Every structure is written in structure tokens, then in C-alpha cells.
Amino acid sequence: MWTNENRARYDRSRLRYPSDLTDAEWAHVVPLIPPAKRGGNRRHVDEREVVNGLMYVLSTGCQWRAVPKDLPPRSTLYDYFDRWSWDGTLDRIHDALYVKCREAAAREASPTAAIIPGSKSPGTSQSVKSAEKGGPASIRRATTPARRSWAKSATSSSIRQAC
């Protein structure tokens with residue numbers, strides 16, 4: 001329920017963009033960002049501004065070219081996005097914040113059920129228990145048959161001969 005104290009807690013009007021991190025949010029994220037590599041130059045970019053830039057792109061859905069000029073350059077943002085995706089930093093940030101949100105709502109850290117919308121009539125849904133132990137063995141992998149190569153295709157050979 002929106003009470004006066006709740007409104008104050010979620011107020012983002014003092015931020016530059018609604019997607020920018022507050023000091024409390026940044027305090028949760030900063031320990032999860034890997035330190036700079038040893039032996040090289042020190043970082044010249046503010047990691048908080050990088051996270052704010054990535055949050056801006058994710059929340060607005062804008063193109064990399066449309067990143068505002070008061071955020072780090074798009075090449076810097078994309079480089080950090082690419083590096084943090086590859087090394088798992090974004091996944092660690094997501095997982096840690098997800099657990100904190102569930103704990104703040106007095107719920108278990110990982111959900112034990114999922115709601116799947118019904119297809120028979122509108123408004124119906126089914127609740128499905130999740131697996132107690134997950135992993136690659138519990139996931140059924142979809143396989144697709146191999147595609148025919150162009151070399152064995154009659155169409156491609158007839159076009160090649162006509163040229």
C-alpha cells in the first residue's frame with residue numbers, strides 16, 4: 001500500500017534519471033563488482049556511473065548510440081557490459097539482489113512454485129512445484145535435426161551451373 005513513508009522510500013525525483021542507483025542500492029552492488037586487474041593502469045572510470053549507464057539502457061531500451069552524453073561513452077558502457085556478462089558479474093549482481101528482495105518480502109530465497117497461465121479459459125492458472133534439486137540433468141534439452149548443406153541441395157547446384 002502506498003503510504004507517506006512508502007512514497008518517501010521509493011521517491012526517485014532527486015536522481016538524475018529514474019534508473020540511477022541510490023546510495024543504498026549502490027551499497028548492495030559495489031561489493032559484487034570485481035576489482036581492477038593488477039599490473040595495469042588504474043581505472044579512470046567511475047563504476048557507479050557505468051552501472052547507472054547500464055541501468056539506463058536496460059530500463060529505457062534505448063540503443064547504445066542514444067546513451068545521454070552525461071553518462072560514460074557508449075563504447076565504455078558496452079565494454080563493461082560485455083566483460084561483466086562474460087565473467088558472470090551481472091549474474092552475481094542479479095542473484096544477490098533477487099535474494100535480498102525476496103528476504104525483504106519475508107519469503108524464501110528461492111521460489112518453490114511457479115504460476116503458468118492456463119490456455120483453456122481466461123483467468124485460469126496452474127501452480128507447478130519446482131524441482132527440489134536442479135541442474136543440467138533435470139533440464140530436458142531440445143535437439144534440432146542437422147540442416148542439409150547447400151552443397152547437396154539441388155537448388156544451389158542448379159543456380160551454380162546457370163551462373
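The model is predicted, so local features need pLDDT of at least 70 and side-chain atom pairs count only at pLDDT 80 or more, while totals for chains, interfaces and linings use all residues. Residues are numbered from 1 along each chain as its sequence is written, and side-chain values use heavy atoms, with hydrogens and water left out. The protein chain has six helices and two strands; helices (H or I, at least four residues) and strands (E, at least two) are DSSP runs, numbered from the N terminus.

**Overall fold**

- Read from the N terminus, the elements of the protein chain follow the order α-α-α-α-α-β-β-α.
- Of the 163 residues in the protein chain, 18% are buried; buried means under 20% relative accessible area, exposed over 50%, and partly exposed in between (1.4 Å probe, protein chains only).
- Taking contacts in the protein chain between residues at least 6 apart in sequence, 39% join residues at least 24 apart. A contact means heavy atoms within 4.5 Å.

**Salt bridges**

- The whole structure holds five salt bridges; a salt bridge is a side-chain nitrogen of Lys or Arg within 4 Å of a carboxyl oxygen of Asp or Glu.
- R16 and D70 form one of them, with their closest N and O atoms 3.9 Å apart. R16 lies in the loop between α1 (4-9) and α2 (23-29) and D70 in the loop between α3 (47-60) and α4 (74-87), so this pair ties together parts that are 54 residues apart in sequence.
- R16 is partly exposed at 37% relative accessible area, and D70 is also partly exposed, at 41%.
- Salt bridges that share partners join R16, D20, E49 and D70 into one network.
- R43 pairs with E47 in another salt bridge, where the closest N and O atoms are 2.5 Å apart. R43 is partly exposed, with a relative accessible area of 22%.

**D20, a loop residue**

- D20 lies in the loop between α1 and α2 and is buried, with a relative accessible area of 5%.
- The side chains of D20 and R16 form a salt bridge, at 3.2 Å from N to O.
- The side chains of D20 and R16 also make a polar contact at 3.2 Å. A polar contact is a pair of N or O atoms within 3.5 Å; within protein, one must be able to donate a hydrogen and the other to accept it, and residues adjacent in sequence count only if both atoms are side-chain atoms.
- Apart from its neighbours within four places in sequence, D20 touches R12, L15, E25 and N52.

**V67, a loop residue**

- V67 lies in the loop between α3 and α4, and its relative accessibility of 8% counts as buried.
- V67 and Y56 are 11 residues apart in sequence, and their C-alpha atoms are 7.9 Å apart in space.
- Leaving aside neighbours within four places in sequence, V67 is in contact with V57, C62, P72 and L77.

**Helix α5**

- Helix α5 (residues 89-104) has 16 residues and spans 22 Å from its first C-alpha to its last, close to the 22 Å expected at 1.5 Å a residue. The expected span is 1.5 Å times one less than the number of residues.
- T89, I93 and R102 are buried in α5, and the buried residues of α5 pack against α2 and α4.
- Just after α5, A106 has a positive phi of about 60 degrees.

**Aromatic pairs**

- The whole structure contains five aromatic pairs. Rings of Phe, Tyr and Trp (its six-membered ring) pair if their centres lie within 6.5 Å; planes under 30 degrees apart count as stacked, over 60 as edge-to-face and the rest as tilted.
- Y78 and F81 form a tilted pair, 6.2 Å centre to centre with 45 degrees between the planes. Being three residues apart in helix α4, Y78 and F81 are separated by about one helical turn.
- Y78 is partly exposed at 39% relative accessible area, and F81 is partly exposed at 29%.
- The ring centres of Y80 and W84 are 5.2 Å apart and their planes stand at 70 degrees, so this pair is edge-to-face.
- Y80 and W84 lie four residues apart in helix α4, about one turn of the helix, and both are buried.
- W64, Y78 and F81 form one aromatic cluster.
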